[in-house]
Amino acid sequence: MIDYPFLAFVAFSTIAILGSLMVIFKKNPVASAFALVAVFFAFAGLYALMSAHLVAALQILVYTGAIMVLFVFVIMLLNQDRPVEDFKSSSGTFKVISGVAVSFLVFLFVKVAFLARGIVPAGDWTVEKMEEQGGNVKSIANALFSDHILQFELTSFLLLGAIVATIAIAKRKGSSGRTAP
Amino acid sequence: MEISDSLSFLLTLPLFAMVLSLVVPRAVQRGYAIFASLLFLALTVYESSGILFATSAATAARFAVEHQLQWLPQIGAKLSLRLDSVSAWFVVMNALTAVIAFSSKGVWYRKSPKLFTALGFFLLFGLNTAFLSQDLIVFYLGYESVFIPMIFMVGIWGENQKASAVFRFFLMSFLGSILMLVSVFFLLSRQVKDGGAVSSHLGSLIPVAGGLPELHAKLAFFGFFLAFAIKVPLVPFHSWLKDVYVLAPFPATIWMSAILSKLGVYGMIRFVMPLFPQTMGTYQGVLMAIAACSVVYAALLAYRSNQPKALLAYSSISHLGFVMLGVFTMKNQGALSAIFLSVGHTMVSALLFFLLSKIDERSEGLDLGVPRGLSQQFPVLFTALFVVMLASVSLPGTLNFAGEFLVLLNSWPVSTLSTVVAGFGAVLGAAYMLKFYQQMGFGASSTDPGKQGAHAEDLSGFELVLVFLLIMAVVVFGFQTSIFLKGN
Amino acid sequence: MTMLEPWMMLVVSLVIFGVGLFGLLVRKNLLVMLMCVELMLNGVNLSFVAFSKIHNSLDGHLAVLFVMTVAAAESAVGLGLVIALFRTLKTVDSDQIQILRD
Amino acid sequence: MIITLLVFLPLLGFALNAFYHFNSAARKREPSVWVAGLIASSAMVAAFVCALIAWARLKGSAGVGPVLEESLFSWMNLGALHVEFGYRFDRLSAAFTLVITGVGALIHFYSIGYMENRGSARYFCYLNLFCFMMLNLVLGSSLPQVFLGWEGVGLASYLLIGFWSKEMANIAAAQKAFLMNRIGDLGLLFAMFIAFKFAGTLDLARLAGFEFRPDVATVFGLLIFLACTGKSAQIPLFTWLPDAMAGPTPVSALIHAATMVTSGIYLLARLNPVISQSTTVLLVISAVGAATALMAAITACFQSDIKKVLAYSTISQLGFMFAACGVGAAEAGVFHVVTHAFFKALLFLGAGSVIHALSGTQDVFKMGGLRKRLPFTFWTFTAGWAAILGLFPFSGFFSKDMILHEALVAAHGNPWVFGVLAFSALLTAFYMTRLYVLVFFGESRLSEEAGSHVHESPLVMILPLVILAVASLAGGWFGVPVHLETAHGEGASSVSPAVIMALSLLIAGVGAFLGYRKYSGTIQVEATKDPFRVDEFYGAVVGRGVKSLASFFGRYLEDGFFQKILQVSGAAVDLGGNLFKTVQTGSAQGYLLMMVLALLGLMFGLVFGVNGYGN
């Protein structure tokens with residue numbers, strides 16, 4: 001019997017890791033951006049594998065649909081769609097230290113993750129229970145709009161603030177916004 | 001003991017007044033500041049009236065109020081406020097100092113008055129936090145928060161060359177307080193090691209400090225001691241003081257000498273004494289010698305100063321030496337006398353700087369080099385100054401005399417030599433205060449009255465009433481000492 | 001039964017996080033750096049969901065929703081800043097942007 | 001409540017005059033001397049009446065050492081310390097109270113005339129304040145209360161010496177008086193601490209009955225005596241008194257002759273039982289008293305300022321009183337206090353009258369021949385002169401004679417003390433006659449200007465002089481019974497009082513004769529000089545010592561050492577700052593790497609359990 005979920009996991013995680021490496025090593029920001037899109041899709045797959053369907057859907061909607069479009073748009077706007085050699089501009093030592101530090105850090109995180117196993121008491125929101133409650137989306141929505149309603153409302157303020165801030169920052173001084181940059 | 005949350009008003013009201021001061025128009029800012037601080041003083045006295053006016057120590061203890069709020073459970077910090085016969089005096093003094101400081105020299109209102117008032121109320125808040133808190137972390141926060149308004153006040157409204165003075169002030173005070181924080185954390189870590197619940201409440205730290213090995217106890221003690229010795233300041237740690245006092249605007253100087261220095265006194269009485277009685281006992285001789293040297297050394301330097309603000313700054317160190325002498329007796333009576341004298345010192349030093357600010361408004365430059373004969377021009381102002389000066393040299397019949405007398409009476413059996421040395425400081429005190437007064441008040445009037453312009457009026461109105469009431473308090477409490485001593 | 005275990009997801013998430021961090025450290029292009037931040041956030045998201053699965057809890061999912069909101073806001077403001085910076089400094093190289101130093 | 005009333009009447013006068021002063025100042029009006037003076041004087045007269053009533057009651061009450069006691073409130077209660085604020089009126093206090101209120105009232109009246117054009121309500125304020133404090137001193141029931149009066153009179157003395165505050169010389173004199181007194185006060189303060197430590201009380205009555213350990217009694221006695229030397233201008237703290245003459249003359253009469261300076265005698269007499277416990281203390285007191293009497297008398301012979309002569313004479317007479325206390329005859333000292341108060345106040349007021357008449361001239365070599373032009377002043381001054389010389393039947397005769405007798409025969413009597421005192425008495429007669437002759441006899445040496453409007457003083461000044469002259473004449477007779485009684489009590493002594501009386505009359509006669517011989521003919525102007533130069537010595541040693549100590553501390557410690565520490569710490573901070581500045585590259589990624597490394601360290605600690613937190 002073929003273990004489809006495992007195969008899917010291997011495939012998605014490979015795409016994600018390779019994609020993320022491409023994000024940081026591609027010289028052209030546009031290439032990076034498209035690699036990132038691939039990573040996002042792979043992530044959506046991973047979420048789906050863990051029965052987190054709502055998150056998977058939002059991953060595609062928000063990240064791929066909104067954020068990445070924004071990125072690509074800005075890249076085009078700033079004429080950055082050409083290769084840059086900036087990876088080479090940091091010194092070798094810096095790169096080596098960074099690499100070693102980061103990989104060590106990741107190793108430690110993994111170790112912590114295993115150390116921390118069993119410390120947090122298990123809840124009762126098993127996949128089966130979620131299905132009983134009307135599915136993943138409904139369970140989350142219930143939690144979101146009852147217990148976490150305050151945080152939810154606060155995020156709306158955050159978004160509003162971000163919108164205002166972005167307009168204020170990106171707007172050209174003295175211009176009414178009609179003239180193209 | 002009554003559990004009440006009315007105590008938190010002592011913290012929230014200054015904050016409220018601070019916010020409100022940003023809304024109040026500039027023109028009525030001074031009136032607002034004085035009015036609000038008077039109101040706050042009345043409230044503080046009302047809140048602590050049960051303690052202040054109790055006839056015996058036992059009654060006062062019954063009126064003590066404690067109030068707790070959970071704050072940072074992870075490090076065991078609770079917002080634990082306590083108003084008892086120790087803190088009540090300091091809280092009242094704090095409110096009183098604010099009234100005097102806000103009523104002092106009006107020149108600063110020309111430049112950003114709103115900010116000044118707001119800073120003043122923030123100072124009130126920070127000091128009350130420190131004076132009320134039973135929790136060392138919260139105490140530390142209050143203790144440190146006082147820097148912010150102080151540095152702004154000196155920095156914005158101070159005189160020239162204030163940068164290095166502010167820097168020193170910050171450097172030394174911060175050095176001390178950071179060592180104190182380290183000591184607090186050290187005690188907390190001992191708690192963790194001992195496996196008990198982590199709490200920075202004084203009550204739960206006392207057994208921890210008591211169980212420390214000798215060397216550790218000494219180190220922790222020095223962390224606390226240094227912080228408070230710098231704050232008071234005691235003599236080897238005083239070098240930040242003069243320049244800051246001189247360059248700060250008058251209200252800030254009033255605040256520093258009248259109440260900020262009391263933070264050190266309060267910390268020593270409230271925290272160091274119960275936490276490290278043994279270590280303090282070991283070093284008692286040295287501590288008393290330091291206090292006595294503070295008295296004499298600062299008095300000599302005051303005698304040498306020709307700048308009235310510097311002279312009063314040194315005199316403040318000198319008098320606080322007496323207070324610390326009382327604290328270091330490590331006896332209940334000594335500490336009571338020290339609190340008593342602290343109240344006197346708060347009133348008198350605030351009044352001295354206040355009156356000096358009034359003189360400053362009315363004359364060109366303050367220099368003790370030549371006699372100025374101002375007392376004929378401003379008889380009321382100089383009469384007030386004279387009486388306050390007498391209180392400062394602790395003439396019998398004033399609050400300061402009773403305090404100083406009791407301090408020395410209690411320190412005499414503990415360390416006769418230190419007491420004798422400090423006693424000579426009292427003679428020097430008379431010498432420099434007389435010099436201070438005489439050079440400004442006496443001699444042929446050197447300034448042309450016409451030159452003084454609009455400021456050439458004598459003390460009057462609200463200021464006169466304030467000064468008169470305070471002087472009356474200094475005299476009346478000089479005889480009615482039972483309010484402080486409660487038949488102990 | 002499948003061989004897929006949630007802790008494998010954790011490893012993937014940490015690797016992605018690490019790659020993102022490394023990129024943030026070594027790349028100089030602000031746009032790429034912002035992308036690296038997104039990578040790191042995604043790595044964290046994945047671990048949230050994985051922990052959620054491990055502990056049978058909904059909190060992880062909720063956290064992911066909030067992180068996504070923050071990420072959206074962050075990238076919007078971040079990109080706005082990049083535009084503004086590009087207008088004034090004509091570059092998106094982080095090494096060139098040191099006007100706050102000294 | 002008669003005692004409390006008596007003490008607080010001057011305070012009431014003080015308050016009224018203060019109000020009057022500020023009220024006039026606010027209306028930009030000169031306060032009237034008559035209004036202010038009458039307020040102050042009537043307060044004093046009322047206090048004198050109260051004192052007489054209290055004295056009558058005291059006489060009426062039976063028992064040995066009758067006492068009137070009034071307790072007002074509890075002043076200080078802390079631990080074992082209980083200080084009551086109250087008054088106690090016994091024979092000793094009565095003597096002082098009567099002198100203070102009686103002579104005080106006269107001087108208040110006199111001041112109205114003397115200060116006519118120069119005074120203000122302020123002056124009478126201070127004068128009343130002084131009387132209030134002085135009464136607290138002699139009537140207070142505990143040492144702290146005595147201390148209140150003790151420092152309070154010092155304050156009033158300061159204010160009155162420096163009354164003419166435009167002259168910085170006056171202020172300097174006032175300051176000197178205050179500071180020297182403060183040094184003495186320290187003795188009293190420390191004595192209180194010792195008393196509290198060993199006797200556990202500061203109440204005067206209980207303290208007087210306490211038996212101290214011998215060494216403690218010595219230290220206590222010496223500290224008390226130090227306080228007395230300050231207030232009563234004895235060696236070594238006497239140099240302020242001549243300078244104190246800078247104040248208005250009635251002030252010199254009241255404070256620096258009649259009352260304040262005798263408070264040392266009061267304290268010694270009050271604590272006599274304790275003082276007598278140590279022979280060392282008694283020896284020191286009698287030696288210092290006798291030495292002061294001699295030294296001041298010698299100095300007085302070289303003074304040309306009329307007030308300075310009287311000032312040194314006061315110091316000398318105080319020396320007599322101390323010597324009396326020292327030989328164990330405190331009552332003789334107190335007796336002399338009373339008579340001295342009469343005649344020295346009289347002499348000062350007479351001198352004031354002369355100065356007033358000559359519009360401020362104080363140099364005796366610029367006077368002369370005033371006998372005719374100032375007849376009332378002359379005759380009353382004569383009474384004072386006779387009294388201080390000790391001529392029979394003037395009061396000084398009885399008291400001085402008593403002291404001389406006691407010096408020889410009392411329990412701690414000593415022929416040396418007697419000899420020195422007798423010689424001082426001779427000198428007293430000499431310099432007083434010198435003064436008397438120079439001022440009132442011979443040719444007029446007045447300057448043109450001063451001579452042109454010499455006038456006898458107004459009635460308000462003359463009347464007190466006359467009353468005091470009568471008191472100087474009669475005052476001695478009150479003490480006679482006591483005198484004889486003591487003389488008989490010492491029946492074992494080999495020297496009869498009569499011999500001493502004759503001897504002291506002889507001494508006075510010889511002194512007066514010498515003085516008259518030397519100054520009745522042509523006058524050679526003598527420059528003032530201080531043969532002992534103690535004042536200059538203090539200026540050079542103590543004054544300069546304190547100053548140089550201050551500047552040493554200031555220069556080397558405050559501006560040197562502590563500044564250096566600050567500089568070093570500042571430099572250390574700078575160094576640290578520069579060190580860390582190299583890390584602050586400004587590159588965001590550099591900072592980020594540091595964050596990562598720090599995080600790495602933290603994680604490392606967490607995972608591998610540094611400090612035991614990992615498990």
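Reply: Gladly; please keep in mind that this is a predicted model. In chain D, among contacts with a separation of 6 or more, those between residues 24 or more positions apart account for 80%.

Me: How many helices and strands does chain D have?

Reply: The C-alpha atoms of chain D fill a box of roughly 110 × 60 × 50 Å along the principal axes, and 54% of its 615 residues count as buried. The secondary structure of chain D comes to 23 helices and 2 strands.

Me: Which element gives the most to the side of chain D that touches chain B?

Reply: In this pairing, 43 residues of chain D are in contact with 43 residues of chain B. The elements that each supply at least two residues to that side of chain D include the strands β1 (68-78) and β2 (81-89), and also the helices α1 (2-26) and α22 (534-581). The side of chain D that touches chain B has 28 nonpolar, 10 polar and 5 charged residues. With 13 residues, the element that gives the most to this side is α6(D).

Me: Which of the 4 pairs of chains in contact shares the most contacts?

Reply: Two pairs can be set aside, since no contact joins chain A and chain B, whose closest C-alpha atoms lie 18 Å apart, and no contact joins chain B and chain C, whose closest C-alpha atoms lie 19 Å apart. Of the 4 pairs that are in contact, the one sharing the most contacts is chains A and C.

Key. Residues numbered from 1 in each chain as written. Chains lettered and ligands numbered in written order. Predicted model: local features only at pLDDT ≥ 70, side-chain atom pairs only at ≥ 80, totals over all residues. Contact = placed C-beta atoms within 7 Å. Helix = DSSP H or I, 4+ residues; strand = E, 2+ residues; numbered from the N terminus. Buried ≥ 20, exposed ≤ 12 C-beta atoms within 10 Å, placed from the backbone. Nonpolar A, V, L, I, M, F, W, Y, C, P; charged D, E, K, R; others polar.
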